[in-house]
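I opened this model to note its strands, its cores and its salt bridges. The entries are in the order in which I looked things up.

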Amino acid sequence: GVTIENNVIADVEGTAMKADGTHGMPNLRLLNNTFHAAGHGVDLRIGHPGAVVANNIFDKVSSLGDQPVATHNLVARARRGSDYGDHAILSAPAFTDRWTLELAPGSAGIDAGTSAYGPATDLLGRHRANDPQVGDTGAGPTPYADVGALERTLPRPAVAPGPAQRR
């Protein structure tokens, strides 16, 4: 099967991703990706045997209900009557800026993914981090994984300089 994980796909004029075929893409794994300003969005067209679609941020996506596993995906522009799977988050995310597409403080999708399917690290190799200011609504052994390609990291506290050393 094909695994597509921890990618940022942005500023696409056409279709950001399309998966189809007579027999689908068996065991397709679409995990922790961020699709933003993705033209016509993501179109999986048909059910893919054994597919897992989890922890993605979609600005636009066709229905995910035909996939064997579709869970904990954030859909910014949901269409009425579409099935986006289990634990879908139907809300626009807030990003720190337009270029990195890391979730901003208080954004939907923070601590809302499932570690049952997602990778242990994000696009930059950072481990999943619990944001104590956000309730954990995710699932799996690490119920605080963020959705999307980038894990929100908390700023490190400033360290006060120590006393000056004498020479």
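The entries below go from the whole chain to single residues.

**Entry 1: the whole chain.** I note that this is a predicted model. I looked up the secondary structure and found zero helices and 10 strands. Along the sequence the pattern reads β-β-β-β-β-β-β-β-β-β. Along the principal axes, the C-alpha atoms fill a box of roughly 75 × 35 × 30 Å. I checked burial next: of the 167 residues, 40% are buried. The exposed surface comes to about 8,900 Å², and 51% of it is supplied by carbon and sulfur atoms. For contacts between residues at least 6 apart in sequence, I found that 51% join residues at least 24 apart.

**Entry 2: the open sheet.** In which order do the four strands of the open sheet stand? I read the order as β1-β4-β7-β9, with parallel pairing. Strands β1 (3-5) and β9 (69-71) are at the edges with a single partner strand each, so one side of each has no neighbour in the sheet. On average, neighbouring strands here are turned by 5° against each other, direction ignored. I then looked at one pair within this sheet. Three bridges join β4 (residues 29-31) to β7 (residues 52-54) in the parallel sense. Opposite leucine 31 I found alanine 54 in β7.

**Entry 3: β2, β5 and β8.** I followed the pairing of β5 next. Strand β2 (residues 8-12) pairs with β5 (residues 34-38) over four bridges, in the parallel sense. Threonine 34 in β5 is the residue opposite valine 8. Strand β5 is also joined to β8 (residues 57-58), by two bridges, and these strands run parallel. Here phenylalanine 35 has phenylalanine 58 in β8 as its bridge partner.

**Entry 4: the nonpolar cores.** In soluble globular proteins, nonpolar side chains tend to be buried together. Which members of the largest nonpolar core touch the most other members? The core has 17 residues, and I noted Met17, Phe35, Leu44, Phe58 and Leu64 as the answer. I then listed the neighbours of leucine 44, leaving out residues up to four places away in sequence. Leucine 44 touches Met17, Ala19, Leu28, Leu30, Val53, Ser62, Leu64 and Gln67. There is a second, separate core of nine residues, with Leu74, Ile89, Leu103 and Ile110 among them.

**Entry 5: leucine 150.** I picked a residue in the segment after β10 (74-75), namely leucine 150. Is leucine 150 buried or exposed? Its relative accessibility is 7%, and because the cut-off for buried is under 20%, leucine 150 counts as buried. Beyond its neighbours within four places in sequence, leucine 150 is in contact with Thr100, Leu101, Glu102, Asp122, Leu123, Leu124 and Arg126. For aspartate 122, which is 28 residues apart from leucine 150 along the chain, I read a C-alpha separation of 5.3 Å.

**Entry 6: salt bridges.** How many salt bridges are there? I count seven salt bridges. I looked up three of these pairs.

- Aspartate 59 and arginine 77 meet through their side chains at 3.7 Å, N to O. Aspartate 59 is in the loop between β8 and β9 and arginine 77 in the segment after β10, and the two are 18 residues apart. Aspartate 59 is buried at a relative accessible area of 5%, whereas arginine 77 is partly exposed at 47%.
- Glutamate 102 and arginine 126 form a salt bridge with their closest N and O atoms 3.3 Å apart. Both residues lie in the segment after β10, 24 residues apart. Glutamate 102 counts as buried, at 15% relative accessibility.
- Arginine 128 and glutamate 151 meet in a salt bridge at 2.9 Å, N to O. Both lie in the segment after β10, so the pair ties together parts that are 23 residues apart in sequence. Arginine 128 counts as buried at 10% relative accessibility, and glutamate 151 counts as buried at 0%.

Terms used. Residues are numbered from 1 along each chain as its sequence is written. This is a predicted model: local features need pLDDT of at least 70, side-chain atom pairs count only at pLDDT 80 or more; totals for chains, interfaces and linings use all residues. Side-chain values use heavy atoms; hydrogens and water are left out. Two strands pair if DSSP finds at least two bridges between them. Axes are lines fitted to C-alpha atoms, for helices over the stretch in contact, and angles run from 0 to 180 degrees between N-to-C directions. A nonpolar core is a set of buried Ala, Val, Leu, Ile, Met, Phe, Trp, Tyr and Cys residues joined through side-chain atoms within 4.5 Å. Buried means under 20% relative accessible area, exposed over 50%, partly exposed in between (1.4 Å probe, protein chains only). Contact means heavy atoms within 4.5 Å. Accessible areas come from the Shrake-Rupley method with a 1.4 Å probe; for residues, only the protein chains shown count as cover. A salt bridge is a side-chain nitrogen of Lys or Arg within 4 Å of a carboxyl oxygen of Asp or Glu.
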